[in-house]
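Student: Could we go through this chain together? I would like to start with the overall picture and then look at single residues.

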Amino acid sequence: MNRLQRYLFRNLLIATLYSTAGLTLTIWLSQSLRLIEIVVSAGAPMTMFLWLLLLTVPTFLGIVLPLALVAAILFTYNKMAADSELVVMRAAGVGPFALAQPALVVAFGVVAVVYTLNVWITPSAHRELVRMEYAVRSDYSQLFLREGVFNEVGDRFSVFLRERDGDGNLHKVLIHDDRVPDKPVTVMGDRAVMLTGPEGARFVVYDGNRQELDRKTGRLSQLYFERYAVDLKVLTPAAAERWPDARERSTAELMDPASIVAEDDRMRRGLIAELHHRFSSPLLALAYAAMALAALLSGEFNRRGQSTRVTIAVLLVMGLQSAALGLTSLAGKMTVFVPLMYLLPLVTVLPALWVMSRGLRLKPGRDTGPRSGAGSGAGSGVAAGTSP
């Protein structure tokens, strides 16, 4: 790139970084509202909250980056057009493709970053996020049990505690287990703790009694104990006992035909759609950039601004994003739509390049920039001197 293109590239790169940071912080704030409950209501360590918040970044960064690129292109080129910089560049012989080259370089860089996120980083981050959420949910004694109320911690399973000390001990505990409807169990104890092991989480209750009612016979059996364990494995299923979500699976797993064939047909289609989404969605950054450039670098310049073109570019990007999401959803139901996931962004680029190839048409006599009195006078003098 020449000096002029490097100037454009620098402005575009800075604008893209600022746009990405702004959009990321906005989404982060919305995500933090969901996660802050862990800290406020349960006293979870701040490090866990920050780690969970950090793991959410790759899950939306692949969508944020292409949109931030569009915002940077629209802002940079529109500002340069308003300042008549693009008029001067065009008058100096710089064509539309030369003006678009820095933006396309940034677009290819965004495509590479989104590929890296989709293929390697995002699946690992999402898998770790799910694992952390299961780990958090298994520790009800520290995170989710509130004092003085009945806590519904599972289907037909309630826990009441009078108070909780700083060491994680629960005092004056009542546990009602109605997971077996014919034989509900109520456990009361003076103290209880939560333990998490390889076999799952469990309550260990001390100095209490266990009451079991047989509803068929109406008989109540009671057991006094010094130490009694209540298994919570059914409330917090381990990750190994559930089918991993498509977003949790690595790209290598999705590309393995054996792992896909082993699933049911509906899940198989979802895994195929997720695999092709990871490879096709980065191409949207290039399509977004091409549409924005075509809207701003084609036709005539207008000193009054390009708000109409900016609006059209935004609407086109929104339409393309909606179409891409719709195709991904349809591909999860019918794999015949998978080729369209690649075809949509590629086909969009071609009309955008054709529109841009028409160039910047400056009609003779068209006022394309500000005039100065000195310039007008000098032009009149030259014209007078050269007329016969």
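**Overview of the chain**

Tutor: Of the chain's 388 residues, 41% count as buried, where buried means under 20% relative accessible area, exposed over 50% and partly exposed in between (1.4 Å probe, protein chains only). This is a predicted model, in which local features need pLDDT of at least 70 and side-chain atom pairs count only at pLDDT 80 or more, while totals for chains, interfaces and linings use all residues. Residues are numbered from 1 along each chain as its sequence is written, and side-chain values use heavy atoms, with hydrogens and water left out.

Student: How many helices and strands does the chain have?

Tutor: There are 13 helices and six strands. Helices (H or I, at least four residues) and strands (E, at least two) are DSSP runs, numbered from the N terminus.

Student: Which residues of the largest nonpolar core touch the most other members?

Tutor: They are Ile73, Tyr77, Leu86, Leu293 and Leu297, in a core of 47 residues. A nonpolar core is a set of buried Ala, Val, Leu, Ile, Met, Phe, Trp, Tyr and Cys residues joined through side-chain atoms within 4.5 Å.

Student: And which helix supplies the largest share of this core?

Tutor: Helix 10 does, with 14 residues.

Student: What is Leu293 in contact with?

Tutor: Leaving aside neighbours within four places in sequence, Leu293 is in contact with Ile73, Tyr77, Ala100, Ala103, Leu104, Ser298 and Met356. Contact means heavy atoms within 4.5 Å.

Student: Now Ala352: buried or exposed?

Tutor: Ala352 is buried, with a relative accessible area of 4%. This residue lies in helix 12 and touches Ala290, Met291 and Ala294, not counting residues up to four places away in sequence. Ala352 and Ala294 are 58 residues apart in sequence, yet 5.3 Å apart in space, C-alpha to C-alpha.

Student: Changing topic, what is the phi of Lys172?

Tutor: Phi of Lys172 is near 55°, a positive value in a residue other than glycine. Most residues other than glycine have a negative phi. Lys172 lies in strand 3, residues 170-177, and counts as partly exposed at 46% relative accessibility.

Student: What about Asp207, and where does it lie?

Tutor: Asp207 lies in strand 5, residues 200-214. Asp207 also has a positive phi, of about 55°, although it is not a glycine. With a relative accessible area of 52%, Asp207 is exposed.
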